[in-house]
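Please look over the sequence and the model below before reading on. The notes that follow take up a few selected features, one topic at a time.

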Amino acid sequence: FLDALRLDHPILVGQSAGAAIVSEAVLRAPTRAGGLLLLDGDALAGGAGPPSFVHHLVIPPYRTTLLRMVVRSDRLIRTIYSSQCGPACPRLDAAGVDVWRRPYEVAGAEAGVWGMLRYGVAGLPASRVELLRGVGLPKVVVYGADDHVFAKTSAADTARRIGAPSPTLIPGARHLTMISSPGEVARAVEALAGGRRP
């Protein structure tokens with residue numbers, strides 16, 4: 001991907017489960033990145049909590065029906081978005097609802113949703129994430145201060161685990177800081193790119 005886009009030492013930002021993806025990318029090719037920013041995510045397998053018990057309660061074909069009902073409900077999509085994003089986020093209009101709905105309508109989405117409920121959010125073992133401590137590139141952890149997906153100590157624990165400075169906590173933000181607080185997230189990326197503390 002970096003070669004195809006001719007990117008030279010980009011800052012890799014991984015939000016939520018994406019933290020594991022960019023962490024693994026840095027571990028596999030540590031000289032290719034210019035910095036690492038974990039946003040609202042700890043990169044750990046099970047970091048966001050244990051797998052949901054829902055997959056035991058809802059069995060085929062009922063789970064297909066349930067997922068379709070959720071995906072087709074503008075109101076449920078807005079409710080889930082609002083609970084994850086918080087009061088600072090813009091209200092979703094019809095086009096915004098479609099943006100959040102679209103990933104769940106592609107082939108394989110249903111298996112992905114139920115797999116995540118069964119096995120939990122994809123992530124890395126703690127021993128693998130801790131290897132980032134030895135990678136010599138700038139690292140930053142940014143969380144919404146009111147993120148209820150992760151434990152209150154997760155941001156500080158993550159920063160310590162990867163060898164980053166104390167985390168940046170964005171006041172009033174929840175789990176979707178890139179939407180609720182885009183300016184603060186952009187400043188953190190720019191500071192990391194410039195070698196400064198956000």
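Which side chain of opposite charge is nearest to Arg 161, and how many Å away is it? In this predicted model, the nearest one belongs to Glu 130, which is 4.3 Å away, and Arg 161 is buried yet has no salt bridge.

**The surroundings of Arg 161**
- Arg 161 is part of helix α8, which covers residues 154-162.
- When its neighbours within four places in sequence are set aside, Arg 161 is in contact with Leu 44, Ala 126 and Val 129, and also with Glu 130 and Arg 133.

**The disulfide**
- A search of the whole structure turns up one disulfide, and this bond links Cys 85 to Cys 89 with an S to S distance of 1.7 Å.
- The torsion about the S-S bond of Cys 85 and Cys 89 is about -70 degrees, so the disulfide is left-handed.
- Cys 85 and Cys 89 are both buried.

**Helices α4 and α5**
- Helix α4 (residues 74-85) and helix α5 (residues 94-101) have axes that come within 10 Å and cross at roughly 80 degrees, and the two helices are therefore roughly perpendicular to each other.
- On the α4 side, the contact is made by Asp 74, Ile 77, Arg 78 and Tyr 81, while α5 contributes Ala 94, Val 97, Trp 100 and Arg 101.

How values were computed
Residues are numbered from 1 along each chain as its sequence is written. This is a predicted model: local features need pLDDT of at least 70, side-chain atom pairs count only at pLDDT 80 or more; totals for chains, interfaces and linings use all residues. Side-chain values use heavy atoms; hydrogens and water are left out. A disulfide is a pair of cysteine sulfur atoms within 2.5 Å. Buried means under 20% relative accessible area, exposed over 50%, partly exposed in between (1.4 Å probe, protein chains only). Helices (H or I, at least four residues) and strands (E, at least two) are DSSP runs, numbered from the N terminus. Lys and Arg count as positive and Asp and Glu as negative; His and the chain ends are not counted. A salt bridge is a side-chain nitrogen of Lys or Arg within 4 Å of a carboxyl oxygen of Asp or Glu. Contact means heavy atoms within 4.5 Å. Axes are lines fitted to C-alpha atoms, for helices over the stretch in contact, and angles run from 0 to 180 degrees between N-to-C directions. Angles under 35 degrees count as roughly parallel, over 145 as roughly antiparallel, 65 to 115 as roughly perpendicular and the rest as oblique.
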